[in-house]
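Here are my notes on this one, point by point. Have the viewer open while you read.

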There are 4 protein chains.
Amino acid sequence: MSEHEHWVERYQAVRGLTESLCLPLEPEDFVIQVCEDVSPPKWHLAHTSWFFETFLLIPEIAGYRPYHPLYSHLFNSYYEQVGSHIVRTDRGHLSRPTLKEIYAYRRHVDMHMVQWIQSENLEAKAHLRSILELGLHHEQQHQELLLMDIKMNFYLNPLKPSYSTPNSPQPQVRISPHWKRIQGGLVSIGHDSESFAFDNETPRHHAWLNDYELASLPVTNEEFLEFMEAGGYERSEYWLSDGWETVQKQGWNAPLYWDKIEGEWWVFTLSGYQKLNPDEPVCHVSFYEADAFSRWAGARLPTEEEWEHAFRTEWPSFGHFLESGTFHPRPASPSQPVAPSQSTGELLQGFGDVWEWTSSPYAPYPGYKPAHGALGEYNGKFMSNQMVLRGGCCVTPKDHIRATYRNFYRPEKRWPFTGFRLARDIKEDRV
Amino acid sequence: MSEHEHWVERYQAVRGLTESLCLPLEPEDFVIQVCEDVSPPKWHLAHTSWFFETFLLIPEIAGYRPYHPLYSHLFNSYYEQVGSHIVRTDRGHLSRPTLKEIYAYRRHVDMHMVQWIQSENLEAKAHLRSILELGLHHEQQHQELLLMDIKMNFYLNPLKPSYSTPNSPQPQVRISPHWKRIQGGLVSIGHDSESFAFDNETPRHHAWLNDYELASLPVTNEEFLEFMEAGGYERSEYWLSDGWETVQKQGWNAPLYWDKIEGEWWVFTLSGYQKLNPDEPVCHVSFYEADAFSRWAGARLPTEEEWEHAFRTEWPSFGHFLESGTFHPRPASPSQPVAPSQSTGELLQGFGDVWEWTSSPYAPYPGYKPAHGALGEYNGKFMSNQMVLRGGCCVTPKDHIRATYRNFYRPEKRWPFTGFRLARDIKEDRV
Amino acid sequence: MSEHEHWVERYQAVRGLTESLCLPLEPEDFVIQVCEDVSPPKWHLAHTSWFFETFLLIPEIAGYRPYHPLYSHLFNSYYEQVGSHIVRTDRGHLSRPTLKEIYAYRRHVDMHMVQWIQSENLEAKAHLRSILELGLHHEQQHQELLLMDIKMNFYLNPLKPSYSTPNSPQPQVRISPHWKRIQGGLVSIGHDSESFAFDNETPRHHAWLNDYELASLPVTNEEFLEFMEAGGYERSEYWLSDGWETVQKQGWNAPLYWDKIEGEWWVFTLSGYQKLNPDEPVCHVSFYEADAFSRWAGARLPTEEEWEHAFRTEWPSFGHFLESGTFHPRPASPSQPVAPSQSTGELLQGFGDVWEWTSSPYAPYPGYKPAHGALGEYNGKFMSNQMVLRGGCCVTPKDHIRATYRNFYRPEKRWPFTGFRLARDIKEDRV
Amino acid sequence: MSEHEHWVERYQAVRGLTESLCLPLEPEDFVIQVCEDVSPPKWHLAHTSWFFETFLLIPEIAGYRPYHPLYSHLFNSYYEQVGSHIVRTDRGHLSRPTLKEIYAYRRHVDMHMVQWIQSENLEAKAHLRSILELGLHHEQQHQELLLMDIKMNFYLNPLKPSYSTPNSPQPQVRISPHWKRIQGGLVSIGHDSESFAFDNETPRHHAWLNDYELASLPVTNEEFLEFMEAGGYERSEYWLSDGWETVQKQGWNAPLYWDKIEGEWWVFTLSGYQKLNPDEPVCHVSFYEADAFSRWAGARLPTEEEWEHAFRTEWPSFGHFLESGTFHPRPASPSQPVAPSQSTGELLQGFGDVWEWTSSPYAPYPGYKPAHGALGEYNGKFMSNQMVLRGGCCVTPKDHIRATYRNFYRPEKRWPFTGFRLARDIKEDRV
């Protein structure tokens, strides 16, 4: 397969997947935005197309004119350097362009993109290839957002619609968590290869780590229930000050999507309500809840460096991702293949299932340089007041993730598929 | 035509008109709610059906079960006595039920309503007939709201879609306003006949009026422009304190839907932007603006009693209403037929074109009794912090209005089709 | 006593009373503002002086220069036509000028005012005399506000300080309320004499009243408790829509200043907590609560015209006012003198004790003309979204009130000393 | 001097300094709180006393009873584990206890503290000694806050009062900034000695640093003006996303306390307005402004580790601190003594003058353990959404600071005396 064919195929695969994810939706579902965090599905479809149009078609194709003079204003998310944009909370106020018009926009962009890929020498022009790849990874991020947002849009509807049909439950062997000791020292952190990575994963650099221990599994629903039953949400001493304030203000007493119905906990999923499965990783908790649980458990969250160092040699592709079609984290399974270098199979579910909160504020790596121009706004300008998450989740596309990948959210956010894994310091007397 | 036939026909006409008003909309247009004031068209379609279901089908048809157990929660507007309802601002957050499902709901309600009308002895049961009539007038109010809301939904979209095609302008003879003197004394106010009226128009009662003068026409765009050019929006001395605060906070400097584009005033209409027509009645002004203009003009707004007394003998049906299909107020026309009793034709446009703000706070008439039960919430509970408007407008159905009709809005609202007419006291030296 | 002496004496009496009301305060008490409604005592002291300076000294004394160039900005309340003013909520943010400096300002204004009164021919210049009188009545209004505000400032302090010492309770004869029938017809409303009145009480005009009944006493704490125990605060059907929303938002379940302590109701007063006295008029209720109670009781509030017509011939001075020094409403007393024309003594407590909410929105009387210039802002610009109250209260100076006096507050306010009296229509079958 | 004498003397010195800082205030100045950030001086006086009472007198003195049962509720700042506290924004709503009462409270606490110090074996009980020291350092922090808050309280008063008299300007030799290269590697960070430090400075741990360069001086007003004149506040590309949003919302266009008066920049200080001195370090800028300036300048902020490593061997006591009595940063001076180890004198003003923002989010050091019990809330619970600052400022007490000291504020705060110093990476081609 030629380079051209390769990129055309990949382009079409990614773009196509976005549209297949929309197949279960009714036309009305594409329009709404139930809170500031989410965007209408229609908007995701258009914004991802705008991205290719703005950063490739307009600059690279001579004579290409924007499909519609106002679409940049409507579908630019936050790139200040390429012009104005509607305020975020207005995304759900736009009935026009209609879904049909947006699909026509996608077709238009796709046609020109494919022509451009076929005519451009991408092998020689690494810069253009990297923008193309960025556009595809960007669209993959929006595939995940699409499902996160649909889940929220449906949850806040009293009719509680389902997006997909529930999977039949699998017989399970319960796996107990244990601590794995990991050796620290002067380690290397960050991306350093030819393959694609976001600018925020670079440059590769040194960091010093003390030896530490990591839990073999993410915290489960059962463990989180124990925290709740121990009064976790009522006892300020476990919480950061900002977290405690959030608990009070929002009236949190359980993870997002948990509802107590007739005395039992149910969890709203993209396939509707399911009875709480104690063995699943806890999901849809904020950093504050992860941090409070850790303190209650006498442990702590790992730093992002500790996480990366531990999972560097794992095989991401064995994880449970979007492609499985369950759209929900599943319990750890003993049959999960592990990387050869981790032949003891000690660390499970590092990739997929749930994003794992780390204790690291999202900040630039030493020597970090954002991309030039507006694309430099992709990651760099968000480096304040956010926390790093690692590992991807059950609605992340499989080939989107890697050990150096840095996701980030504000610490109070709960609508991503977020969980966490415990870490702790080595104590001499523990050995 | 039998009584049954009459009511079936009327029911179907009103219900059918609502749906024809929706024909120009795209599916997405039915979903959105751009601000708290408006509701999604989908919601209007369902709510008006819920009204018939709740106040007739459920209480009157033995064994009738609600179409859907949650629809009352979704489509109850504000009737506390018939159960819970979603918060107003969430109406645009619901993609489900879909438009198709809502039309199925309408069909279901319509089928049962027609059957019920045909089987019920409405002549004998005045109470049921009055609820049926109330339901139809209620739906007519929502026809007007539908157009008000679509206009706002479209206006806030940067693409500025059109709902209808513009009318070709008519050659006009400009009519100048003059003052008409009206004799006061002990007059009778309020509805007092067999025909339908809302409870808030009753009982008929005495009121004392001094003699007064009323302008022959509503204030026009040209006159309002003079006020603006005289610094009307910048001079606190013309404004009520609450009005002045609103001007500052909202940054008002012109009526709603007026935009200055390249040095000229354009007005957004349901047929898109039109150049400001100086002869049209000014529209989409708040009570505060009407009141400030009046003070600037050395006049005042009429009380609702003055308005009703003056227009009691006019013929509403000559006005310019929804049925004309222009959805926009038009200039006064000399060819407008007038009632025989007003053979001088002095007072024009009292009915239709624009609702006219009065200086009267919306309060109960002496001896007012609201309807029993939840229907008593229809009008009575809104009798605070609102002002009375009279006469109907260009998107009011013609047979919905009468001289005693009391519309009401909070004084800062501008999205109804609101204008005003001046009044003044008689001065001895003026005679 | 000469005209000059009369006015000097009256000026000094009013100004002196303001300062005596401040004697129980600590220096710190003068500075604070616990919510938007109230103002710091310091501010009242300065603002009332600014009023005389602005509307008399500056325009009338040649060469008089404002005491301080910024005081107008600091102490102008809301007169847009005399320049800028700090935002209302900032009044409690100003430690300077200090109390000492403000008293020096008062002395300066007083000295010039007395000189001016002595040198001006007030008999000949009715306009100036009426501004002087306005200034004195203005200061009396602030005497009442001062006590209202101190009460709120103290109530929100967990230490619950007292302003005055409690009165020893008097042995009481309980008086039962009854209905008094009053004849309506074409009556005259509004002020029409040489004596002082605010512009909003004029002009005297006709109004038509049906016959009606008025309760002989304001509603008492005992009666209000019955409403509460009947679930009054939980049943939407008694409430105006705006009122019900306020109840929900504010979490109201009793009048302001009522606290249930160890199972018993206590009422916070300017003399600290007192056990709820069932015979006192209920106080510190909003219009919404008064209106809801009335509906629950199968009655209604009187209109302001009904109130004025009934109390026109009463003697205000027999009421229980500021001068009694109790700063709290007291139960009706059989020994209360009544006016000769009301020899049956049927209507008690019309004046003093508690302001009585009426059902009348505050609107201009027919033919109303506000004063010229900035003083026209005194009353006229507040004629929207407020309700009329009548009769004065236990912290109103005795010579400040009259039967035509129109007080006004927004319907949700509870920090004035507000109560209410029931009215009802005449039913034929009741006779 | 005995251990007892030493601690009594130190206690009295610190407590006395707080009170001397209050000497220039009028009684009214002690009461107000102009925004959520600041607290009334009265509150600082009481809160610092409450700290000693709560953490030493009550637990350590048998039979000691709290001075007042409600003072803990009023003067607890944020320690959830020792009971309730009034909401922060209500601190300025309390006229009582009066200043006099609060001074009596201080005297009471002081008497018992001195008795306790004299009777307690502090040498043997390291834990108690460290709480005593913590209480003194806590009070020193409030000395700085007191001045920060007075400055804000005075600035927002249109009368712009002065706290102190201005210093006469000194003839200056202007010093130009240059870059100093600093060698990185595996360095040690954090406190590790017997002397007092807050828990957040521990434990001492390794960190890897690349070689880097640090500016010899903090950024000056002149340099910051250049940024402003280059459109710094209008160009989104220099700003973090949260910073840019803050600039828009707050309308920032200069540092806090800068006002352009008749075309010239003036700076409000504790001695009133002063003409902008170009050579002073820029002060009262947020982290966002510091970060944006750095990006504009092609540099960056140092990490807290870089800062500490560079200033580890400097002598803090040579800095310009509270004791100088100028309450304002001063320009760099060539006569400033430098530490022997820094014989080239290259890094100036690291200590005193202005707190320096670093690029480091405030997070726990590896192995960090907060103190036990409520005192663990002192620092640990604030480790989210804040940034680290280093070095102290012109209103910090001299013996309060050290190289390992970690101050922290939210990135948008500007009312502390905050400036910054540039850093940059080593580029090969620069050598």
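1. First, the burial terms: buried means under 20% relative accessible area, exposed over 50%, and partly exposed in between (1.4 Å probe, protein chains only). By that rule, Tyr71(D) and Tyr105(D) are both buried.

2. Some housekeeping: this is a predicted model, where local features need pLDDT of at least 70 and side-chain atom pairs count only at pLDDT 80 or more, while totals for chains, interfaces and linings use all residues. Residues are numbered from 1 along each chain as its sequence is written, chains are lettered from A and ligands numbered from 1 in the order written, and side-chain values use heavy atoms, with hydrogens and water left out.

3. On the rings: Phe, Tyr and Trp (its six-membered ring) pair if their centres lie within 6.5 Å, with planes under 30 degrees apart called stacked, over 60 edge-to-face and the rest tilted. Over all chains there are 177 aromatic pairs. Tyr67(C) and Tyr71(C) make a tilted one, because their planes sit at 45 degrees, with centres 5.8 Å apart. Tyr71(C) has 4% relative accessibility, so it counts as buried, whereas Tyr67(C), at 32%, is partly exposed.

4. Over in chain D, Tyr71(D) and Tyr105(D) pair edge-to-face, 5.0 Å centre to centre and 75 degrees between the planes.

5. Arg91(D) has its charged end 3.6 Å from the ring centre of Trp43(D); Arg414(A) lies over the face of Trp252(A), at 4.1 Å from the centre.

Technical notes
Lys NZ or Arg CZ within 6 Å of the ring centre and 35° of its normal.
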